[in-house]
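Please keep the sequence and the structure in view while reading.

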Amino acid sequence: MSDAMTALNGASMQGPVAAVREAALQGMVLLRGDLADETLAAVVKDLTGCDLPGQREMVQAGNTAVAWMSPDELLLLVPYEEAGTTVASLSQALEGVYHLAVDVSDARALFRISGEGAREVLARLCPVDLSPAAFGPGEMRRSRLAQVPAAFWIDETGTISLVCFRSVAGYAFGALSAAAESGPVNFL
Amino acid sequence: MLILQCPYCGIQCDETELAPGGQAHLKRHGPGSSDEDFEAYLFDRDNPMGVHFERWRHANGCGKWFLAARCTTTLEVFGTYSAQTTEPPAEIADRIRARRPNWEGRT
C-alpha cells in the first residue's frame, strides 16, 4: 500500500519574526448532529475524553481535541492512525441517533505558524481581530484566509494551527509565506 | 465596510466573510400560482433607499444562512436574526422604529 503523505510534504519557511510549516498528518473527524443531544455528548466524551465545546470553543484532552465548528458540527482531532476507528466507533455508538461522521483527515491540510509574529502573519490575511484580548487559547475561529476558507486556533505558547482544504494547501502556504516574509508592524 | 453579527456563532463578520443572498422574506409562488405571482416572485425586488431586509450566508464560517435588517444609505445595521422567520421579529422592528420614526414597515 502507498504511504500517506501530507499535501505539501512538510513544506516550511522561516520569516524574520514567524515561521510557517506544514504539520505532520493529523486525524480529523467531522461529526454533524444535534449538539444538544445527551447521547451524542456522552459518546464524544467517552471517545475523546472531551466535554462538548460551547460556541466557538475548543476542548483539549491529551492528544485529542474537539472543536465547535457550527451549531450542528464538531471537528474531532485524533491521532492520524485512529481516525478510521473513531468514525467506526462513532457510527456504532450513535446508531439510531441522527448524526453524520466522516474521516476528513486526507481532505484537509494543517499548518503551524510559530514565532512572536504569528498573530501578525494571520492578521494580514484574515478579517479577524487577532489581538490577545480578542482571540486566545481555547477558541476555534473559522474565517477567510486571503481567498479561501480556513479554521485556526492558538495554543498557550502562541503557536497558531490552521486547517484548510487540501486542494488549496499550495495557495494557503504561499499566502502565509508571503505574509511571513516581512518584519513586524506591531499593531496587535 | 459592512459588519454583521452572525446569530449562530456570535462573530462580528466582516462583509468579505459572508455571501450575499438578496432580499429576505420572499414568498415563494410555485406550481399552481398565477403568472403574475410567479413573475413577481422571480423578478420583483425592492430597491429602497433606507431600511432593507437581506439574506446573508456565513460562507467562510459556520455556513449558516441568517437575515439582516440594515439601512442601504448609511449602512447602519439594525440587527441580524434567524432565517427561519417569515417576518422581522418584534425587537428588530422596534429597533428600526426607534432609529427611523418615519419607517412604514415592510410593504
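In chain A, domain 1 (13-24 + 107-180) and domain 2 (27-106) each supply at least three residues to the lining of the second largest cavity. The model is a predicted one. The volume of this second largest cavity is about 50 Å³.

Which residues line the second largest cavity? From chain A come A:R56, A:W68, A:M69, A:M140, A:R141 and A:R142, and from chain B come B:C9, B:I11, B:H58, B:G61 and B:C62. Two or more lining residues are given by each of the elements β5 (64-70) and β9 (141-145) of chain A. Sorted by class, the lining of the second largest cavity comprises six nonpolar, two polar and three charged residues.

## The largest cavity

The structure contains two cavities of 30 Å³ or more.

Which element gives the most to the lining of the largest cavity? That element is strand β8 (residues 108-114) of chain A, which contributes three residues. The lining of the largest cavity includes eight nonpolar residues, together with three polar and three charged ones.

## The largest pocket

The largest pocket has a volume of about 340 Å³. Of the 20 residues in its lining, A:M69, A:R108, A:R142, A:P149 and A:F165 lie nearest the centre. The elements of chain A that provide two or more residues to this lining are β3 (27-33), β6 (73-78), β9, β10 (148-154) and β11 (160-165).

Where does the largest pocket lie? Both domain 1 (13-24 + 107-180) and domain 2 (27-106) of chain A give residues to its lining, so the largest pocket lies between these domains. The lining of the largest pocket consists of 11 nonpolar, four polar and five charged residues.

## The second largest pocket

The second largest pocket has a volume of about 280 Å³. A total of 16 residues line the second largest pocket, and A:M58, A:Q60, A:A65, A:L77 and A:W153 are the closest to its centre. In chain A, the elements β4 (58-61), β5 and β10 each give two or more residues to this lining.

By class, the lining of the second largest pocket divides into six nonpolar, seven polar and three charged residues. Because domain 1 (13-24 + 107-180) and domain 2 (27-106) of chain A both give residues to the lining, the second largest pocket lies between them.

## The make-up of chain B

Chain B, which supplies residues to the lining of the second largest cavity, has two helices and six strands. In what order do the elements of chain B run from the N terminus on? The order is β-β-β-α-β-β-β-α. Taken along the principal axes, the C-alpha atoms of chain B fill a box of roughly 40 × 35 × 25 Å.

Of the 107 residues in chain B, 38% are buried.

Definitions and conventions: Residues numbered from 1 in each chain as written. Chains lettered and ligands numbered in written order. Predicted model: local features only at pLDDT ≥ 70, side-chain atom pairs only at ≥ 80, totals over all residues. Heavy atoms only, no water. 1 Å grid on protein atoms, 1.4 Å probe; cavity = no way out; pocket = protein on both sides within 12 Å on 5 of 7 lines; lining within 4 Å. Points joined across faces, edges and corners; volume = space filled by probe spheres on them. Helix = DSSP H or I, 4+ residues; strand = E, 2+ residues; numbered from the N terminus. Nonpolar A, V, L, I, M, F, W, Y, C, P; charged D, E, K, R; others polar. Domains from an automatic or database assignment. Buried < 20%, exposed > 50% of the residue type's maximum accessible area, 1.4 Å probe, protein only.
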